[in-house]
Structures are given as C-alpha cells and as structure tokens.
Amino acid sequence: MPLGPWRKKNKSTKEHLVENEEVSGGHAGAGSLSKSAVNGAGLPPPPAELRPKLVFHTQLAHGSPTGRIEGFTNVKELYAKIAEAFNFSPPEILFCTLNTHKIDMEKLLGGQIGLEDFIFAHIKGIKKEIEVHKSEDALGLTITDNGAGYAFIKRIKEGSVVDKVKVICVGDHIECINGRNIVGTRHYEVARMLKELPRDQSFTLKLVEPMKAFEMLEPRSKGAKPANDNKVGTGKGTLRLRSKGPATVEDEPTEFEEKAVKKVDDLLESYMGIRDTELAATMVEVGRDKKNPDEFAMALDETLGDFAFPDEFVFDVWGAIGDAKQGRL
C-alpha cells in the first residue's frame with residue numbers, strides 16, 4: 001500500500017507469560033532496540049521448563065526495603081509484580097526509573113529492561129488542580145505514558161506557557177483535562193487534546209505528582225534533554241518487554257540501533273509531542289530491512305495500525321533509519 005491516509009486496525013494478540021532467566025543481583029533497565037539473543041536465528045525459544053529464571057530487584061522510589069520480582073512479560077505484568085511485592089494496588093504506580101530513585105526522565109523504564117539495573121517504582125503522591133491560561137499556541141509540554149494507561153509530563157520547555165506555572169512538574173500524571181478523565185488515553189491522544197485547546201482561554205488540569213521522600217524535595221526539573229552518552233543499561237543483555245507477544249532476552253543494542261532509535265524518538269517529539277523509546281525501537285526494527293518508503297509504510301501499517309502517522313513523518317523516519325545505516329547520524 002502506498003503512502004496515504006491509513007485505516008486504523010485493532011488486532012488482538014494473546015500475550016504469554018515467560019519465565020525469566022536468573023542473574024545474580026539481577027535488576028532492570030530501559031533502552032532501545034536490539035537483536036534477539038534467544039531466537040535471533042528464527043528458531044523457537046526453548047520450553048519454559050528449560051529456561052533459567054531472571055530475578056529482578058526493586059524498591060519504591062520514596063523509600064522501601066528491596067523486593068524481588070520475576071515472571072512478567074510486559075509493563076502491566078511488571079507493575080502487578082511490584083505491587084504484589086509491596087502489598088498495594090498496581091494502579092498506584094505512575095512509572096518506574098532505572099538505577100535512580102530520582103524523577104529522571106532519561107532513566108525512565110520503557111520497553112527494554114537491562115539485566116543488571118535496578119527498578120525504582122514511583123507511586124501516586126499529592127493531587128493538584130491547576131488553571132492554566134493558554135497565551136500561546138504551544139504549551140511547551142512533551143508527553144509520554146507508562147504503558148499501563150497513565151500519561152505524564154516528560155519535559156517542560158524553558159520559557160514556555162507551562163514553564164511559568166511553577167506547580168506543574170516533570171513526572172506529573174495528567175489525570176483530567178477540563179474535567180474530562182483521560183486515564184487510559186494514549187500519550188499521542190493527550191498531546192493532541194492539549195494542542196487543540198483554544199488559544200487565549202484558560203483550561204484546568206488535574207495532576208498527580210509522584211510521592212517524594214524528604215530528601216527528594218528539591219526545585220522542579222524541566223526534564224533532561226536526550227544525550228547520546230546517557231545510557232541506562234550496563235549489562236550484557238536486556239529483557240525486551242512487548243505490549244503484544246512474549247518478552248525476549250536480547251543482546252545490547254548496536255551503535256546503529258542506538259542512533260536510529262534516538263533520532264526517531266526526536267522525530268516523535270517534533271511531530272507528535274511525545275517521547276516513546278519502545279515505539280521508536282519498534283519503528284527502527286520494522287524499517288531496518290525495507291527497501292523503499294512505500295514498503296516501510298506498509299510494514300508500519302501492519303505492525304502499528306493503531307497509529308495514523310503523517311506521510312511526512314514516515315518519510316523522515318525512513319530517512320533517519322537510512323542515515324543511521326550509513327553512519328551519517
């Protein structure tokens with residue numbers, strides 16, 4: 001199918017719980033796309049009873065004992081395991097960071113978990129309701145989500161409309177916009193809703209900030225800008241979590257994959273006002289062996305039919321993948 005308006009597709013895929021492999025002091029980490037170390041040759045994975053287990057360590061970011069979790073294949077199951085370890089409800093978790101208890105958006109857990117990182121879960125804290133006057137077309141927000149129905153603020157542009165409202169912070173979960181509950185709404189839809197709010201009018205946000213320990217109370221962060229050397233994982237492999245299908249253990253990402261995923265994530269922010277390394281990694285994986293933009297567009301439609309990407313965005317992503325292959329990024 002050539003480039004053009006795409007029809008949305010709703011596919012149902014049965015998710016399978018995978019047994020994880022044990023590593024001493026195993027933790028978790030986010031990152032970008034990488035090649036499968038389990039079935040990279042196209043061979044089926046070994047039976048569950050023959051696979052060693054992975055055990056990950058976790059704490060609550062505001063302070064807690066260390067818990068041990070295992071046996072999950074996607075983010076929702078991960079949150080359920082963390083909640084079970086600390087005896088609370090999974091919806092209390094806003095997001096997780098890796099190797100730091102701080103609200104550091106560059107250490108955010110996405111679709112990839114390194115085998116030698118540590119998971120810190122940030123749970124719901126103070127609720128706040130704020131009125132904002134939209135004096136400019138752009139609010140200066142970058143939105144992401146936690147993979148389990150919560151959209152939250154990943155970055156605040158310096159000098160922007162929202163930057164002037166000091167009680168709005170990076171890491172805040174957006175619960176309602178003008179009284180409309182948006183829990184369960186994907187990040188790109190939330191970004192579109194905020195963008196479409198009329199200029200020169202006020203609107204109301206209901207936010208939930210992550211719970212903070214006393215030593216974490218500090219001036220708000222505007223969110224760090226992505227950096228090539230700001231890597232999370234330190235292990236020799238990662239556990240790739242997928243919203244559809246089983247998780248897989250994979251090698252560390254190559255230089256091509258790291259650069260391509262970063263560039264695609266930048267394009268997602270530029271075109272759609274979101275950042276999502278899992279989505280960027282999936283797009284790079286889809287496009288790495290495609291011969292032309294039309295073939296790439298068809299593959300995206302098949303793999304990510306829930307998204308309606310603009311044609312210009314698809315061309316730019318195709319170009320970014322090509323530049324990464326040629327070492328031009």
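Trainee: How many of the six residues of strand β7 (residues 151-156) are buried, and what follows for its place in the structure?

Mentor: The model is predicted, so local features are taken only at pLDDT of at least 70 and side-chain atom pairs only at pLDDT 80 or more, whereas totals for chains, interfaces and linings use all residues. Residues are numbered from 1 along each chain as its sequence is written, and side-chain values use heavy atoms, with hydrogens and water left out.

Six of the six residues of β7 are buried, so the strand is largely enclosed by the rest of the structure. Buried means under 20% relative accessible area, exposed over 50%, and partly exposed in between, with a 1.4 Å probe and protein chains only. Strands (E, at least two residues) and helices (H or I, at least four) are DSSP runs, numbered from the N terminus.

The partner of β7 is strand β6 (residues 141-145), which runs antiparallel to β7 and is joined to it by five bridges; two strands pair if DSSP finds at least two bridges between them. Within this pairing, Ile143 is bridged to Ile153 of β7. Together the two strands form a hairpin with five residues between them, and Gly147 in the turn has a positive phi of about 80°.

Gly184 is in the loop between β9 (180-181) and α2 (187-195). In contrast to the residues of β7, which are buried, Gly184 counts as exposed because its relative accessibility is 52%.

As for confidence, pLDDT is the predictor's confidence in each residue, from 0 to 100. The protein averages a pLDDT of 79, and 74% of the residues score at least 70. Over residues 4-42 the pLDDT stays under 50, and the model has 141 contacts beyond four places in sequence for this stretch, a contact being heavy atoms within 4.5 Å. Residues 226-235 also have a pLDDT below 50, with 26 contacts in the model beyond near neighbours in sequence. Where pLDDT is low, the predicted coordinates should not be read in detail.
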